[in-house]
Amino acid sequence: MEISRRQLIRQTIAAGGLAAAATALPGVVRGGAASAATAASAPVENAAATLQQTFTTGAPNALGYRKVLAIAGEPHGTRTALGVAAGPGRAAARQGLLAFVQLSDVHIVDAQSPLRLEWVDRLEDPGSPVATGLLTSSYRPHEMLTGQVADSMVRAINQVENGPVTGRPLALAIQTGDNSDNSQFNEVRWNIGVLNGGPVRFDSGNLTRYEGVADGNALTYDTAYWHPDGAPAGKPVDRPRKEYGFPVVPGLLNAARAPFNAEGLDIPWYSVFGNHDGLVQGNFPTSTLQLNLLALGALKVVSPPTGINPAEVLDNLMSDPAAVITNLLSGVTNAGIRVVTPDLNRRLLTRKQVVEQHFSMGGAPFGHGFTTANRQQGTAYYSFDQGSFRFIVMDTVNPNGYADGSLDKTQFTWLSNLLAASADKIVLVFSHHTSDTMGNPLIATGGSLETRVTGGAVLTELLSHPQVIAWINGHTHTNKITPRPRTGGGGLWEITTASHIDWPQQARIIEIADNTDGSLSIFTTMVDHTGPAANADLSSPAELAGLARELAANDWHDHSGGPGTADDRNVELLVGNPLA
């Protein structure tokens, strides 16, 4: 099957729109006696789990900028869309089986890297005639704070300790992809380091100063970006301040670069491969030597040349990004270019090299789920058992490029065989992409010649095995829970969790309980990181994380759909017990 760049863009937009839709569904009971009883059975003693407290945004000021406010939490609703009845006595008979945490789309960013393509972000600005949604992750005003957000989420999870419904200790955490942002060596190691704990420093290039689009370099100052220290002398105020009401925060760039001691998770953690972990900017194959040389170089494009044709730039980026960047750096255009300090730690990693870093940096479990076979073969799919549960981790990244995902044929065969051998287990499946964002059939463009298997076929395979009760993923940066019914009755729940980098910056606790009536309850509870609603200073990672949340809430590329609806957050999901 052949697909053009334009077709792929349209398909990706359609899939993203479908995945981002968040509407109330029938068969939902919220705040009723059953959910109140279950919430009361295991009181939450901290605000990280959002049953007691969560965050929203306040009224906008004259320019639309909104502060973040702490508000009352949300109780669990009950969803029965798979046809499993909510028995009135289930709370009293319930037996907790498992509790764990899902982290997704952490996007640890080297914001000073020459391979960051911040300048294409303006192609996605409100009113842009070529906005596709594919390039909105090219720049965010708060991206220098991703490490502090990750650490603050770790601290929140450590505070939670137990599932808020069942009271069971959290057994593990699992990152469902886009753990790094640009598949660079330093980003991968920063992510592992913040989860393992210990000294970390989210800085690169010249460690004595910040060298990126957010600093006060008068020669390459561009008003399209937010400059927290304000405009250089004689320069106009940047657009984020002038048009969107962003604040001046002197000293932020230095505070973001400062070393600190990451707390590290108190529980074992597992890793899933995402498109930003395996593709440059989540779209372009890392096998391109020219892109790696650009990452290691001393020149960074800050501003595009004046008078460019946005549609032509977009088309060229989709076909040969390295050529576009090289042309801009050559000096034949009037693009804004700055010198940065080269850093070998910015080198791009292959999938095999990313897997290897999970072994070389230690932590528990050894390899963080990846196996000896993954290490030797350069694959990133695996499985492991946790009591009566089998965790199956898929690698949905297409190494041939583009943000959409799919499986290679070899992996799909492995998946089918493993499911057939798992009749005595309750199966949870994990991936980065959702079923609706696995429409990428590309072959050869990144070196892989294997036929691709897309989301519909994968979902059909999962539904053919009654022991599969949930497919847990991320990618869309949106909280969404979708019932996937099985012909003849039953089915599975597809649980999609929002990101750390975009509003509302949340993780998700997942608990599974046996109702002892032939049904299981899957409880999901959102977790907010420890950053405060209103940051008072820049003195700690938590304060910086609080500022990052506020900035994310005001990103002019609208991420307001990230929280989803109440039916996508704190809920009880009824499903049949395949072992009953």
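Analyst: What follows is a set of questions about labels, each settled by a value and a cut-off. The model is predicted, so local features need pLDDT of at least 70 and side-chain atom pairs count only at pLDDT 80 or more, while totals for chains, interfaces and linings use all residues. Residues are numbered from 1 along each chain as its sequence is written, and side-chain values use heavy atoms, with hydrogens and water left out.

User: How many helices and strands does the protein have, and what makes a run count as one?

Analyst: The protein has 16 helices and 24 strands. Both are DSSP runs, numbered from the N terminus: a helix is H or I with at least four residues, and a strand is E with at least two.

User: Why is the protein called as compact as a globular protein of its length?

Analyst: Its radius of gyration is 23 Å, close to the 25 Å that the globule rule gives for 580 residues, so the label holds. The radius is taken over C-alpha atoms, and the rule is 2.2 Å times the number of residues to the power 0.38. The C-alpha trace spans about 70 × 55 × 45 Å along its principal axes.

User: Why is N374 called buried?

Analyst: Buried means under 20% relative accessible area, exposed means over 50%, and partly exposed lies in between (1.4 Å probe, protein chains only). N374 has 2% relative accessibility, so it counts as buried. N374 sits in helix 13, residues 372–377.

User: What does N374 touch?

Analyst: Contact means heavy atoms within 4.5 Å. Leaving aside neighbours within four places in sequence, N374 is in contact with V355, G369, T379, A380, Y381 and Y382.

User: Is Q411 buried or exposed?

Analyst: Q411 has 1% relative accessibility, so it is buried. Q411 belongs to helix 14, residues 409–420. Beyond four places in sequence, Q411 contacts Y381, M394 and D395. Y381 is also among the contacts of N374.

User: How do you know that A513 is buried?

Analyst: Its relative accessibility is 0%, so A513 counts as buried. A513 is in strand 22, residues 506–514. Not counting residues up to four places away in sequence, A513 touches R94, Q95, G96, L97, T166, S519, L520, S521 and F523.

User: What share of the 580 residues is buried?

Analyst: Buried residues make up 61% of them. In helix 12 (residues 351–360), the buried ones are V354, V355, Q357, H358 and F359. They pack against helix 5, strand 9, helix 8 and helix 13.

User: Why is T516 called partly exposed?

Analyst: T516 has 42% relative accessibility, so it counts as partly exposed. T516 lies in the loop between strand 22 and strand 23. Its phi is positive, near 55°, in a residue other than glycine.

User: What separates a cavity from a pocket?

Analyst: On a 1 Å grid over the protein atoms alone, a cavity is a set of points where a 1.4 Å probe fits but cannot get out. A pocket is an open set with protein on both sides within 12 Å along at least five of seven lines. Lining residues have an atom within 4 Å of a point.

User: How many cavities are there of 30 Å³ or more?

Analyst: The count comes to eight. The largest cavity holds about 90 Å³. A volume is the space filled by probe spheres set on the points, and points are joined across faces, edges and corners. The largest cavity is lined by 14 residues, of which V109, A111, Q112, M144 and F202 lie nearest its centre.

User: What is the volume of the second largest pocket, and how do its lining residues divide by class?

Analyst: Its volume is about 480 Å³. It is lined by 30 residues, with T57, R66, W503, S560 and P563 nearest its centre. The lining has 14 nonpolar, eleven polar and five charged residues. Ala, Val, Leu, Ile, Met, Phe, Trp, Tyr, Cys and Pro count as nonpolar, Asp, Glu, Lys and Arg as charged, and the others, Gly among them, as polar.
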